[in-house]
Amino acid sequence: MARLDGKVAVILGASDSRSMGAATARRFAAEGAQLVLAARRADAVAAVAAELGAIAIACDITDEPQLAALAKAAVDSYGRLDIAVNYAGIGGSGAILETSADLFRQQAEVHFVGTGLFIKHMALAMTPAANGTGGGSIITASSLTVLVQAPDHGAYAGSKGGADVLVKVAANELGERGIRVNSIAPGFTKSAMTDAYFAMPAVTNAFLKEMPLGRFPTVEDIANTALWLASDEAFVTGQRIDVTAGQALRRTPRPEEFV
Amino acid sequence: MGRLSGKAALVVGAAGVENMGQAIARRFADEGARVAVAGRNMDVLETLAADIGGVALPCDFSDRASIFAMVEGARTALGGLDVAVNATGWGLLKPFLETTDEDFDRMYALQLRGPFQFLQALIPAMATGGSVIQISSATATIMFHDHDAYMATKAGTDHMIRSVANQFGDRGIRFNSVSPGVTETPMTADAAAVPGLMDAFRKGYPLGRHGTREDVAAACVWLASDESFMTGENMQVNGGLSLRGNPSKAEIEAAVAAAVATS
């Protein structure tokens, strides 16, 4: 018996076939889950959805009605919602002294407000646990920047850190419905979003030195972690699971080390 | 095909009937691992080993030579060593001001020096990489009364796990710890027998129940498997207890008194 048999999962942020969202979708599908895949543009998830026989839907995490519609799509299509994973994110960097109000707000809008509303609407669509059924698992992407200082990532790290606090608050409040809420902090992971960095050996070499396990996390590592948190086996809630190759124990290299 | 097929695993602290180590060993065997179980009571270990097709090894976890002999015995018997779990522990409950040096020394030997020696034995023995799992406790971070020596040594061992993860990751060995909350095991059987006592803990669990041995075993399977790329971390496997905390001594006493009054 597969580990997610009978489960219905929403995955937001699966818009590239090499993304964490796509890898998670493939892993969940292989374990028997029925899927609703979402990204800002529905056509961006169409290929992965077609590959897996999943439903594709457009959803912008900064738009509350669209989040409610995403949860409703799962319930309308499959009769229930058990698992919701949020990888929606947006890059943005700058030193604090140069960060505009617009950048702070944009990062907070996507990572903090968006995560909060994602948790809210996914939890509302999940059936409260009773007699061994119902409940669910909500998973959201945190960041290595919450764990070790990354130069010029104040707005990004601050918004991600705020979301981790929301995860704890939501876990405490939603436990009585049997809903678990956790985050995954990926390390410097090879994915579509980091292609530009991986094209620069000076950058990757500097990062690799800070990874005790000596290799970069992959999108499959993140997908496997999501699978663990999604399955009924995980008696874990309100936690951040770090998948950083051990980089959380060390540091982020500074730009002047990229030589 | 099991999630630990082809792996050789050692579980120390499996010599108590139906204790946490036994649940972990059984689950590992169910997932296809070859398993060695160790502890102080060979009769109990041999019964378990026969049940799961494993190997039983004696170990006094407060003795260096015994720990090294166990690790070498497991490596030889299993033809290698990929996974190692330390599930030993001593749940001493004693008021801080009454805890003696002898109590503390015994706790230190079992819960801090023992893990140190276990890691020293394991790192060279895990020639092709692997996963080391230390059973910690929610009380390594949250409070509980009269549990000082236990809590301090668990917290120290968690940090040692981070330290070896940092230094020996290049050997392909991952090191993590798992923190259950109060779990029904032989170690807590006396407490569970007191009317009302376990109920006093329940409101500390957002998920509405306390943990089981099987919850901990499931987390160990995940950490032991190649699916986990975690290292140097502590995973709280306690249904959110770490968010709320344990009941105070006064709350426990009140719950017990109420249960006794209505029984």
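Asp152(A) is found in the loop between β5 and α5 of chain A, where helices (H or I, at least four residues) and strands (E, at least two) are DSSP runs numbered from the N terminus. The phi angle of Asp152(A) is near 60°, a positive value in a residue other than glycine. Most residues other than glycine have a negative phi. Asp152(A) is partly exposed, because 16 other C-beta atoms lie within 10 Å; by the convention used here, a residue is buried if 20 or more other C-beta atoms lie within 10 Å of its own, exposed if 12 or fewer, and partly exposed in between, with C-beta atoms placed from the backbone.

The structure is a predicted model, in which local features need pLDDT of at least 70 and side-chain atom pairs count only at pLDDT 80 or more, while totals for chains, interfaces and linings use all residues. Residues are numbered from 1 along each chain as its sequence is written, and chains are lettered from A and ligands numbered from 1 in the order in which they are written.

Asn131(A) sits in the loop between α4 and β5 (136-141) of chain A, and Asn131(A) counts as exposed because it has 5 C-beta neighbours inside 10 Å.

Helix α5 of chain A also holds Lys160(A), which is buried, with 26 other C-beta atoms within 10 Å. Not counting residues up to four places away in sequence, Lys160(A) touches His111(A), Ser142(A), Ser143(A), Thr145(A) and Val146(A), a contact being a pair of residues whose C-beta atoms, placed from the backbone, lie within 7 Å. The C-alpha atoms of Lys160(A) and Ala185(A) are separated by 9.6 Å, although the two residues are 25 residues apart along the chain.

Helix α4 (residues 101-125) of chain A and helix α5 (residues 154-174) of chain A pack at an angle of about 20°, with their axes 8 Å apart; axes are lines fitted to C-alpha atoms, for helices over the stretch in contact, and angles run from 0 to 180 degrees between N-to-C directions. That angle makes α4(A) roughly parallel to α5(A), since angles under 35 degrees count as roughly parallel, over 145 as roughly antiparallel, 65 to 115 as roughly perpendicular and the rest as oblique. The contact includes Leu103(A), His111(A) and Ile119(A) from α4(A), and Tyr156(A), Lys160(A) and Leu166(A) are among the residues supplied by α5(A). The residues of this contact divide into 12 nonpolar, 6 polar and 1 charged, where Ala, Val, Leu, Ile, Met, Phe, Trp, Tyr, Cys and Pro count as nonpolar, Asp, Glu, Lys and Arg as charged, and the others, Gly among them, as polar.

Taken as a whole, chain A has 8 helices and 7 strands. Its radius of gyration is 18 Å, close to the 18 Å that the globule rule gives for 259 residues, so chain A is as compact as a globular protein of that length; the radius is taken over C-alpha atoms, and the rule is 2.2 Å times the number of residues to the power 0.38. The C-alpha atoms of chain A fill a box of roughly 55 × 40 × 35 Å along the principal axes, and 54% of its 259 residues count as buried. Among the contacts in chain A with a separation of 6 or more, 73% join residues 24 or more positions apart.

Chain B contains 10 helices and 7 strands. A compact globule of 263 residues would have a radius of gyration near 18 Å, and the 18 Å of chain B agrees with that. Of the 263 residues of chain B, 54% count as buried, and residues 24 or more positions apart account for 75% of the contacts in chain B with a separation of 6 or more.

Within chain B, Val132(B) is found in strand β5 (residues 130-135), and it counts as buried because it has 28 C-beta neighbours inside 10 Å. Leaving aside neighbours within four places in sequence, Val132(B) is in contact with Ala84(B), Leu122(B), Ile173(B) and Phe175(B).

Finally, the two chains meet: 25 residues of chain B are in contact with 27 residues of chain A. On the side of chain B that touches chain A, α5 (148-168), α8 (213-224), β7 (233-236) and α9 (241-244) each supply at least two residues, and the residues of that side divide into 10 nonpolar, 9 polar and 6 charged.
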